[in-house]
Amino acid sequence: MAFSESIFATRFQITRGDLERYLADALCQGGDYADLYFEYLLTSSISLDESMVKSATQGVSMGVGVRVIAGERTGYAYSDDLAPDKIRKAARVAACIAAGPGKQGKFGLNEGRRHNLYPVMIAPTETEFAERVEFVKRADRAARAYDSRVFQVQASYADNLRHVMVATSEGVLTLDRQPLARMGVMVLARNKGGPPQRGYAGGGGRVELDFFQKEKTPEHFAAEAAREAIVMLDAVEAPAGEMTVVLGPGWPGILLHEAVGHGLEADFNRKKVSAFSDRIGQKVASELCTVIDDGTINNRRGSLNVDDEGHPTQRNVLIENGVLRGYLQDKLSSTLLRSQSTGSGRRESYAHIPMPRMTNTFMLAGQSDPEEIIRSVPKGLYCANFGGGQVDITSGNFVFSASESYLIENGKLGRPVRNASLIGNGPEALKYVSMVGNDLRLDEGMGICGKEGQSVPVGVGIPTLKIDRMTVGGTA
Amino acid sequence: MSENHLLELATGVIDRARAAGATDAECTITEGDEFSANVRMREVESVKEAGSRAAGLRILIGKRTGSSYTSDLSAEGIAHMVKSAVELAAITTEDPHAGLPETEELGKISGDLRLYCEDVAQLETAGKIETARRAEIAALETDPRIGNSDGASFDTHTGRQIFANSRGFAGEYRTSYCSLAVSPVAKQGSSMERDYWYTMARGSAGLEPPEQVGRIAAQRALRRLNAVKVETKKVPVVFEPRVARSLLDNVFEAVHGMSVYRQESFLAGKLGERVAGENVTVIDDATIPGLFGTSPFDDEGVPSRRTVVIEKGVLKSYLMNCYAARKLGMKTTGNAARGLAGNAGIGHGNLFLEKGGQTPEQIIGSVADGLYVTELLGHGVNIVTGDYSRGAVGLWIRNGELAFAVSEITIAGNLKEMLLGIEAIGSDLEFRGSVAAPTLKIGEMTVGGR
């Protein structure tokens with residue numbers, strides 16, 4: 001997409017000259033660098049409860065964020081009004097972070113390089129509502145048909161289309177159009193007279209509506225949620241204490257996100273507040289582990305053609321055969337660390353300062369047959385699915401919550417167990433990985449990562465993994 | 001924009017929606033100014049300043065609902081918002097329980113609720129930065145083991161909330177707050193720990209001294225150093241107020257009217273039953289002047305009030321908006337909460353557990369072998385079943401004294417038993433946000449460790 005065809009040029013009549021003027025305003029007190037992040041966001045969401053479509057919402061929000069960097073300092077201001085006087089005012093507020101004679105930005109903005117990872121002709125947000133409403137109704141019918149013990153179904157569908165434009169004082173102008181869609185199904189089931197149990201499934205990506213018709217249908221998510229709820233009806237108390245844990249493929253990759261991903265974000269390491277600070281080149285995992293963060297996978301929820309600083313995303317090796325190789329860098333940290341941006345500068349919206357974030361984080365497949373991994377465990381826990389997780393990046397301690405797991409007894413899967421959290425320490429936990437499956441799977445596309453109050457969509461993935469020692473927080 | 005202008009805009013949106021075919025309509029407008037300064041290792045790290053506003057609309061056509069929002073308050077933007085909401089009502093399902101509050105349920109409480117302090121908007125940037133710097137310096141100077149910091153921040157916010165509906169309600173109120181937070185890093189050998197402390201108030205006069213905030217933050221980080229992992233066992237667990245509060249968050253989710261009618265809560269159907277120790281009384285009160293959960297009316301235009309949720313261990317009331325109340329055959333408790341668009345959800349006012357008679361020292365002193373929790377990690381609480389399993393950080397209690405730091409452990413149980421098992425309640429209740437609880441002791445939980 002060329003600048004002249006973008007919504008910012010056609011609808012808001014913004015010219016290259018305007019952008020250069022705003023950048024000049026941003027650098028009017030000096031400063032080493034300035035950028036503008038324009039955003040025009042359309043959202044829609046539909047939700048169903050008790051077989052009724054109870055809510056349908058559409059929204060528009062727009063704005064521009066102006067950032068000025070002066071040494072280690074950042075000045076930031078934004079406006080939700082794209083009128084020139086409002087943008088110039090924001091630029092002058094952000095400029096105050098620097099104190100010195102004004103600087104001239106580079107003139108003649110050139111359009112920067114970008115991928116084309118989600119060549120979506122018609123974004124779901126641009127389609128008629130009728131088809132999307134059918135998704136939640138279909139999910140409801142499928143979940144109820146799955147088993148007579150299902151008594152409550154909530155289904156939701158949400159999408160958005162984000163138009164972004166980044167202009168920097170280094171002369172780079174980048175545009176992107178970022179579609180995103182996701183559906184989720186929550187099911188409650190119970191045996192007659194017994195207590196209810198819950199199951200959840202969801203997914204999506206930067207896809208066309210067709211994805212939900214052909215690849216991951218409402219019926220797929222509904223059956224998965226219903227299956228989990230039914231399985232949990234037989235759950236026994238979870239064990240407590242250290243034991244061997246086997247993680248199933250896909251979404252349990254949230255382990256990597258919490259155990260190592262956050263700790264490798266460059267801002268924490270620049271400030272030396274991460275448990276991984278100053279550990280590049282050191283062994284932080286078993287040699288079976290190679291961990292990648294890759295923002296360039298087609299149509300994935302965590303993928304971006306360019307990051308939110310206008311830098312193309314890339315495939316970053318974080319851990320290679322157990323050795324720590326690199327951090328996730330944004331503009332500010334890479335400048336201060338005299339390194340390069342890894343295309344990891346992300347922000348929730350125009351109202352937020354960018355920082356290093358993950359995209360799609362996963363571990364490369366190994367050699368082991370997943371069944372052989374389970375067979376090798378005399379006593380332990382198999383975790384098939386998870387809820388969320390959290391990490392304390394300074395101590396390195398992380399937690400994630402198993403929503404579907406089973407006892408392993410004599411190499412066989414046994415009874416399902418009730419929800420339990422697992423806890424470990426980032427630089428230590430992966431040293432106990434003793435088998436890596438040949439079945440790498442990425443999650444279905446429902447991840448949301450929170451950091452310092454900012455939420456961004458992410459992906460995770462993992463092959464079946466055996467961890468010889470991890471603490472399980474059950475009650476038995 | 002003047003306050004009258006925004007109120008007029010809201011009532012104008014209602015009129016336009018009715019003209020476009022809506023039988024009922026609700027309009028929310030929010031306006032706010034935010035400021036944030038971060039200082040790290042004595043230097044300014046970032047300064048952020050901006051204002052924004054947006055409007056949301058929910059309409060009914062008979063028993064069908066549609067909603068929309070926009071940050072474009074131009075005539076064109078508003079027209080588009082109204083058109084979207086009306087169109088969307090056509091695709092939703094008729095819901096017999098959908099609707100606005102009855103006219104007689106609408107209203108607002110009177111009197112000065114002290115939600116807005118003029119001084120917050122007038123604070124100088126240099127002064128705000130200096131306050132954060134003083135707090136961080138105090139933390140750094142507490143002990144030589146505090147050699148690093150994740151920074152200190154001074155944030156302010158002023159806002160205006162406007163709500164109008166087609167049953168004649170129109171109201172608005174202003175809010176302000178300021179807060180100061182510090183996050184020092186303690187290091188000794190290979191042990192590195194971070195903690196934080198903060199103060200927040202409606203006006204700057206309500207903030208605690210920056211040096212005090214810095215010192216407490218430093219002491220909190222220091223006491224976490226050299227933590228060990230303990231053996232797995234069942235012991236009494238004492239929650240300090242900062243984490244005891246999270247148990248009230250769990251109670252809130254369990255008495256949330258929507259979760260109750262869906263039977264998605266372990267407290268569904270338990271009204272009038274003993275659900276907690278006789279020493280436990282939980283109150284939601286959105287009428288206390290100056291506090292963070294206070295407002296003159298809820299997000300459906302119903303007056304704020306005080307609701308006893310649990311009284312001496314007996315479940316007395318759920319927290320409801322109009323919709324949940326209709327589903328349950330009850331009356332709204334004035335707990336409607338919403339973002340800009342969509343149906344009203346449910347929120348709490350000032351939700352707190354009434355204080356007891358023991359000091360925290362007496363409670364700790366009553367434990368021979370147990371855990372004092374200072375931080376919880378993760379989301380391992382299942383409100384459907386009550387199953388509870390979270391990562392924990394804290395101090396081990398031995399013979400009634402805080403003996404050594406522990407981490408990389410879990411605490412687990414079930415909320416049903418945990419609430420019934422509250423053995424002691426501290427006298428140290430204070431509001432640092434809209435949810436508050438004093439020190440609590442639960443008789444027995446499973447600590448997962450080695």
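**The interface between chains A and B**

A:Asp392 and B:Arg224 form a salt bridge, with 2.9 Å between the closest N and O atoms; the term stands for a side-chain nitrogen of Lys or Arg within 4 Å of a carboxyl oxygen of Asp or Glu. Between chain B and chain A the count comes to seven salt bridges. The model is a predicted one, where local features need pLDDT of at least 70 and side-chain atom pairs count only at pLDDT 80 or more, while totals for chains, interfaces and linings use all residues. Residues are numbered from 1 along each chain as its sequence is written, chains are lettered from A and ligands numbered from 1 in the order in which they are written, and side-chain values use heavy atoms, with hydrogens and water left out.

As for the interface as a whole, 69 residues of chain A are in contact (heavy atoms within 4.5 Å) with 75 residues of chain B. The two chains bury about 5800 Å² between them, and 49% of that is on carbon and sulfur atoms; this is the accessible area (1.4 Å probe) lost on putting two parts together, summed over both.

On to the strands, which are DSSP E runs of at least two residues, numbered from the N terminus. Strand β3 (residues 73–79) of chain A pairs with β2(B) in the parallel sense, over five bridges; pairing takes at least two DSSP bridges between the strands. Within this pairing, A:Ala77 sits opposite B:Glu49 of β2(B).

Conventions
Helix = DSSP H or I, 4+ residues; strand = E, 2+ residues; numbered from the N terminus.
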